[in-house]
Amino acid sequence: MSATQILLLIGAYFLVLMIISYFTGKNDSNSDFFKAGKQSPWYLVAFGMVGASLSGVTFISVPGWIEASQFGYMQVVLGYLFGYFVVAFVLLPLYYKLNLTSIYEYLLDRFGTISHKTGAFFFFVSRVLGAAFRLYLVAIVLQQFVFDDLGIRFEFTVIISILLIWIYTNRGGIKTIVWTDTLQTLFMILAVVLSVLFILDELNWTFGEFLSSAELEPYSKFLFTDSFLDRNHFIKSFVGGMFVTICMTGLDQDMMQKNLTCKSLKDAQKNMVSFSIVLVAVTFLFMLLGALLFIYANKNGIAVPLMDGQPKTDLLFPEIALNSGLGKTLAITFMLGLIAAAYSSADSALTSLTTSFCVDFLNVEKQEEANQKKIRKRTHIAMSVMLIIVIISFKYILNRNVIDSLLIVAGYTYGPLLGLFAFGIFTKHKIKDSYVWIVAVLSVVIIALVANIPSAYLGGYVVGYELLPLNGLLTFFGLWLIRKKGVVTPNIDQ
């Protein structure tokens with residue numbers, strides 16, 4: 001598939017998104033941009049959230065990670081499933097009761113202004129890095145397989161990607177995204193299913209033969225329970241995955257903003273439960289695809305593509321889909337899936353960043369009504385520019401598998417949010433609000449120090465995804481130390 005054909009495909013795809021944006025963004029109000037008028041059908045939100053949660057990182061990075069981790073990532077995914085139920089039945093009732101636009105407004109009501117700003121700040125950092133990770137991965141694929149051939153620099157690739165997202169989210173915001181995410185999820189799931197079928201056909205295997213094949217065995221280890229000291233031990237992965245979900249979904253404005261567009265709490269809970277079950281099944285299918293890619297590559301002498309002189313397993317899927325002679329149908333399917341997976345998470349991230357900054361930092365709802373839309377539109381542009389800068393910087397500093405990097409960063413940035421919300425929900429204590437930011441920063445610093453302790457000093461123990469709950473626990477303990485002794489208040493959620 002030539003670079004020109006891929007560009008035409010991308011253009012056609014975005015034309016469809018623009019049409020959806022035209023119809024959903026007619027009102028162009030802050031209410032629709034932030035909450036979609038609270039009229040979104042729950043099943044539409046649930047299906048769209050699958051694509052937003054998986055993103056381009058899962059689409060490329062999870063299959064590329066199979067050689068190094070086998071099916072060990074499923075241990076984390078099972079933790080995700082448990083975490084989604086916590087979000088559905090602990091956090092969603094709180095958010096709906098308070099009728100929040102930004103979920104960090106809870107911290108303002110519960111503790112005070114500094115707590116509110118601290119929570120919003122850590123979300124802001126988390127989401128900027130998370131969105132940048134996802135878009136970076138797509139940008140390097142487009143660069144390697146499209147724009148290099150056209151002599152276009154990586155920086156320009158990133159700018160065009162963000163510009164396209166800005167165009168179709170500028171008016172409708174979350175209302176547009178609820179609908180575009182549905183289309184994008186459909187393309188993404190279709191792409192992975194067809195990719196599996198095409199490669200199986202090329203190998204003359206049925207799906208059953210693939211599952212029982214000797215070639216799958218080296219990639220198929222599921223549970224890692226040999227030593228608790230190992231980074232990927234089941235308990236550490238499961239617990240880490242559970243807290244990643246609670247934080248990266250339940251305490252994340254991006255994911256919760258979609259849920260808060262549902263008509264009622266009951267609808268939002270149905271959305272969360274059904275979405276979580278489908279997500280686990282689809283992720284497992286991605287991992288099967290990853291094993292199939294490495295088996296196919298080994299049988300056909302396909303080397304892992306190089307980037308800056310180093311093997312980059314994240315690029316194996318696009319290499320096989322676009323350059324291994326499996327046909328244009330697979331190439332088109334892959335590109336549609338990649339674009340859909342990438343932009344279904346990136347567009348909502350840009351919208352949630354705009355929402356959080358407007359509500360949590362600029363207090364847009366308290367500004368003169370005539371200025372509210374102008375503030376939102378200027379903020380949307382500023383967030384776009386910031387994402388461009390961060391993504392471009394990743395090209396020069398990122399040297400590991402993207403999904404691994406994403407989960408590691410989550411351990412640092414979401415921990416203070418976990419501690420703040422847990423302290424607010426499970427205790428009745430007031431705190432000295434002015435000290436909250438100090439507690440949060442110290443917690444991150446301590447976690448960073450712990451993460452960099454050589455395993456030899458810990459008796460061979462390798463720190464993994466349990467950094468996130470540990471970070472939350474440290475923040476919780478710090479808040480306990482700055483509580484106002486003898487002063488309690490009924491919890492807002494009670």
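Buried residues make up 58% of the 494 residues in the chain, where buried means under 20% relative accessible area, exposed over 50% and partly exposed in between (1.4 Å probe, protein chains only). The model is predicted: local features need pLDDT of at least 70, side-chain atom pairs count only at pLDDT 80 or more, and totals for chains, interfaces and linings use all residues. Residues are numbered from 1 along each chain as its sequence is written, and side-chain values use heavy atoms, with hydrogens and water left out.

**Overall fold and size**

- The chain holds 19 helices and four strands; helices (H or I, at least four residues) and strands (E, at least two) are DSSP runs, numbered from the N terminus.
- The radius of gyration is 22 Å, close to the 23 Å that the globule rule gives for 494 residues, so the chain is as compact as a globular protein of that length.
- That radius is taken over C-alpha atoms, and the globule rule is 2.2 Å times the number of residues to the power 0.38.
- Along the principal axes, the C-alpha atoms fill a box of roughly 70 × 60 × 40 Å.
- Of the contacts in the chain with a separation of 6 or more, 86% come from residues 24 or more positions apart; contact means heavy atoms within 4.5 Å.

**Surface and charge**

- The accessible surface comes to about 19,100 Å², and 65% of it belongs to carbon and sulfur atoms.
- Accessible areas come from the Shrake-Rupley method with a 1.4 Å probe; for residues, only the protein chains shown count as cover.
- The chain has 35 positive and 31 negative charges, and their mean positions are 12 Å apart.
- Lys and Arg count as positive and Asp and Glu as negative, while His and the chain ends are not counted.
- Each charge is placed at NZ of Lys, CZ of Arg, CG of Asp or CD of Glu.

**Aromatic pairs**

- A pair of aromatic rings is described by the distance of the centres and the angle of the planes.
- Rings of Phe, Tyr and Trp (its six-membered ring) pair if their centres lie within 6.5 Å; planes under 30 degrees apart count as stacked, over 60 as edge-to-face and the rest as tilted.
- The count by this rule is 22 aromatic pairs.
- One of them is F82 with F238: the ring centres are 6.4 Å apart and the planes stand at 50°, so the pair is tilted.
- This pair links distant parts of the chain, with F82 in helix α4 and F238 in helix α10 (residues 234-250), 156 residues apart.
- F82 is partly exposed at 47% relative accessibility, and F238 is partly exposed at 23%.
- F124 and F357 also make a tilted pair, because their ring centres are 5.6 Å apart and their planes are at 45°.
- Here too the pair joins distant parts of the chain: F124 sits in helix α6 (residues 113-147) and F357 in helix α14 (residues 328-361), 233 residues apart.
- F124 is buried, with a relative accessible area of 12%, whereas F357 is partly exposed, with 25%.
- One aromatic cluster is formed by Y95, Y104, Y106, F123 and F421.

**Helix residues and their contacts**

- G64 lies in helix α3 (residues 42-69) and is buried at 5% relative accessibility.
- Leaving aside neighbours within four places in sequence, G64 is in contact with F294 and T313.
- G64 and T313 are 249 residues apart in sequence, yet 4.7 Å apart in space, C-alpha to C-alpha.
- Q269 belongs to helix α12 (residues 265-300) and is buried at 16% relative accessibility.
- Not counting residues up to four places away in sequence, Q269 touches A88, F89, L92 and P93.

**Loop residues**

- Most residues other than glycine have a negative phi.
- N99 has a positive phi of about 55° although it is not a glycine.
- N99 is placed in the loop between α4 (73-98) and α5 (105-110) and is partly exposed, at 48% relative accessibility.
- N204, also not a glycine, has a positive phi near 60°.
- The loop between α8 (174-202) and α9 (207-211) holds N204, which is exposed with a relative accessible area of 65%.
- S434 lies in the loop between β3 (429-431) and α18 (436-451) and is partly exposed at 47% relative accessibility.
- S434 and K485 are 51 residues apart in sequence and 16 Å apart in space, C-alpha to C-alpha.
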